[in-house]
Amino acid sequence: MLHIKPIVVALKRHKAGTVLIALQIALTLAIVCNALFIIQQRIGRLSRPTGMVESNLLAIQNRWVGVDDNATGPLIKSDLQALRQLAGVEDAISTNSFPLRGGGWSMGVRHDPDAKKPVSSAAIYAVDDHALSTMGAKLIAGRNFRSDEIVWVEQKAYAASPQIIITKALSDKLYPNGSALGKTVYITDTARPSTVIGIVEHLQVPWSGTWSDSFSDCVVLVPTQLTGNFGSYLIRSKPGQLAAITATAPRLLIKNNRLRTFSRDRGVRTFETVRAQAYKSDRGIALLMGVVCAMLLAITAAGIVGLTSFWVGQRRRQIGVRRALGATRHDILGYFLTENLLIGIAGVVIGALLAIGINLWMVTQFEMARLSMTYVAAGVVALLLLGQGAVLAPALRASRVSPVEATRSV
Amino acid sequence: MFAYYLQLGLRSLQRNPVLTALMVMAIGFGVAASMTTYSVFLATSSNPIPQKSSQLYAVQVDNWGPEDSDKGEPPDSLNYTDAMALMAAHRAPRQTALYPVGVSVVPDDQSQLPSPESTYATYGDAFAMFDVPFLHGSGWGAAEDDAHAAVAVISRVLNDKLFRGANSVGRQINLDGRNYRITGVMDSWDPQPLFFDAVNTSGFSDPVQIFIPFTRAVELKMATAGNNNCNRDPGLGWDAWLHSECIWIQYWAELPDRAQAVAYRQYLHGYAAEQQRAGRFRWAPNVRLSNVEQWMDHLKVVPPEAKISLLVALGFLLICLVNTVGLLLAKFMRRAPEIGVRRALGASRKTVYAQFLIEAATVGLAGGALGLLLTGVGVLCVGLVFDPQIARLATLDLSLIALTLLVAVLSTVLAAFYPTWRAAQVQPAWQLKSN
């Protein structure tokens, strides 16, 4: 085993350099741990499924111009008819919102209309009987809406639907010990009950922000077509036809009626774009943190290489003397590696405390989760390995110092 | 002497190109990361209307009660009933209720498609309150508000597009199939954060293109294009909704001095108390009056991403500096014999200080130049992390360029203090002897 005591004694003669390397390791560990944790959290968000089959899906956000809210019903009907007949289209629906759209409508779902607090919030998608096939949502119990159940109503005149389809997550929240199928719930605070006629495996709410995390997979489908100025069309293309209908569908709609607008950046989007836009900041932050981590590790490694090289240069004569007195190359190499390990351990101990401290502070400031100790442990190992890797080159150079150096320039 | 030390510094940097490159890169990356994130932070936390931010107040009246409100805070928006009561009372010198409406300009040319434009429904006071600059004409007045008149104020951009830049005051613009008479054309006006409607825009949006009278918009039953929040089912139809407790209106009052602000707060309190007596509010008056900066704080318009990335970048810069201290120490101490000779030949500690700090400053300058380049790249990449409405605000302007260089040089010189002090401590006799 290597002798640690002489190394510690020697380090005392290089207090400044030792402290600087330890400090750098500590700060790097603190930031890298937290950055990796943020990356993992963000990536976790953006890999959440929507519950839809996302390929071959086109979303068009439509806004009528100068049409009375009540008069849009026939226009939407005619749009839907035209879209469903368009070459390359598998199916299409008109809906108030869809997963990851951004804006939408949420309501509190209750067992009892008089209950003060709802059991859960849930997003409402007002759709027709083509919704499940267009979205590609999987019905796991009960049945789909029938076409005779669909009602057309102005948005401000919507009253709770008698039949609803809900997601499994919402069903589990409402009835933890069984299924909500066939049960009666209240989706508004009026006394109008809704019967759950079907349960879909999964559907996500329109929002991707953290505020909706508590009900991110609680969705209610209602057999209603809302008339009004705003609305979206979800269109499923036949395989390989997505690019074609992305061009033809908006043209068809404008030909059908030109008094409409598609918003500039959210008007006509493939679902791939919808997803990219919804998670843009999550992806961006993850990317930023990744770049910062990589640069930090590189800079810390460079700092270690620089300072150790300097020490090796300073101690060439001492190394020569040790070699002349019988130390092997291996001993010299071991000396520098151990020295770095000691500094590294001091650095990671401080760094781990700092990482936890920073995280605790961030928890209070930014509604973040607690740092998992796995990240600290992984960071500690990574930085110790980085230190050893960085010190290797100068240490090897030191080990090649010839014993003759001892005799030079004395 | 300065020029000579600069020359020496440059020569010394050339002697250890790898070490120099390491330092320059550390400083460059650290400064660039900090400056890029700082530009976003600065853009999102700036005061959108500095000359009047202490005179404009956002009004909150708790019409939901403690049960439905968030930690005792009144809702961020007003319902129609309260907004209209405050407008009618007219207790501030100027005031406006406002909300965003989804409106499209319908071109005369039948072959052209309508285009959606960012539009707000306000009262005529809004233009004077928000210091809206006019290129032609002006806003509308109280008479038009009272008459629910079909008038509009349009932006310069829209005027250029529709009227090829000609003075369009008095001409008609077709919004959603209805004609409005243009009373004024705004000059370029783009306050960011969009303080008067930070609730619906989260603070940032593209510039407003059209204003129309609030009274007109309500008469035409234009629903809000922003958020509408209800604590109870509003009932069926437009009128039920209008008279419900659903909140969707922003309300601003201009109160030029403290006394008027105090008086207005008292008035609000009195109004809420009256509503309580009438049985509409079943809770004690809970009202807020926040000036622009307080309102921006309350709504947290600075995105958490901007804060987190600025903090991470500053931590990054700190590490880069610690790294630079270490590398400079190595570099300077390697030249201990040289320092010994200089000192022995009569150089004072002070001149050693000067020489090494100047050498460090040259490293800082080089790092700053690299940092500037990287900041430019960084600002271009802001769009990867932030929404386009925020990304467009982050720009590499002259003050940011100056700040980047300044931060680079200052922080490097700061980092150089300790290594320089060590260099100045070199004992000439000991150095000469040991060589």
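Which residue stands opposite Gly108(A) in E4(A)?

Tutor: Ser121(A) stands opposite Gly108(A). First, some ground rules. Residues are numbered from 1 along each chain as its sequence is written, while chains are lettered from A and ligands numbered from 1 in the order written. The model is predicted: local features need pLDDT of at least 70, side-chain atom pairs count only at pLDDT 80 or more, and totals for chains, interfaces and linings use all residues.

Helices and strands are DSSP runs, numbered from the N terminus; a helix (H or I) has at least four residues, a strand (E) at least two. Strands pair if DSSP finds at least two bridges between them.

Now strand E4(A), residues 120-126. Five of its seven residues are buried, so the rest of the structure largely encloses E4(A). Buried means that 20 or more other C-beta atoms lie within 10 Å of the residue's own; 12 or fewer means exposed, and in between is partly exposed, with C-beta atoms placed from the backbone. Strand E3(A), residues 106-109, runs antiparallel to E4(A), joined by four bridges. The pair Gly108(A) and Ser121(A) belongs here. Strand E10(A), residues 219-222, pairs with E4(A) too, in the parallel sense over four bridges. There, Ala123(A) faces Val219(A).

Next, look at E9(A), residues 194-200. Six of its seven residues are buried, so E9(A) is also largely enclosed by the rest of the structure. Strand E5(A), residues 139-142, pairs with E9(A) in the antiparallel sense over three bridges. Gly142(A) is opposite Gly198(A) there. Strand E7(A), residues 163-167, runs parallel to E9(A), with five bridges. Gln163(A) has Thr195(A) as its bridge partner. Strand E8(A), residues 184-185, is antiparallel to E9(A), over two bridges. Thr184(A) also stands opposite Thr195(A).

Step across to the other chain. Chains A and B touch through 43 residues of chain A and 42 residues of chain B. Contact means that C-beta atoms, placed from the backbone, lie within 7 Å. On chain B's side, the elements giving two or more residues are H2 (17-45), E2 (94-105), E3 (115-122), H9 (238-242) and H12 (304-334). H12(B) gives the largest share, 18 residues. By class, chain B's side has 27 nonpolar, nine polar and six charged residues. Nonpolar means Ala, Val, Leu, Ile, Met, Phe, Trp, Tyr, Cys and Pro; charged means Asp, Glu, Lys and Arg; the others, Gly among them, are polar.

Follow H12(B) itself. It has 31 residues and reaches 45 Å from first C-alpha to last, close to the 45 Å expected at 1.5 Å a residue. That expected span is 1.5 Å times one less than the number of residues. Of the 31 residues, 25 are buried, so H12(B) is largely enclosed by the rest of the structure.

Finally, chain B as a whole. It has 17 helices and ten strands. Its radius of gyration is 30 Å, well over the 22 Å from the globule rule for 435 residues, so chain B is more spread out than a compact globule. The radius is taken over C-alpha atoms, and the rule is 2.2 Å times the number of residues to the power 0.38. Along its principal axes, the C-alpha trace spans about 100 × 55 × 35 Å. Buried residues make up 48% of chain B.

Terms used. Contact = placed C-beta atoms within 7 Å.
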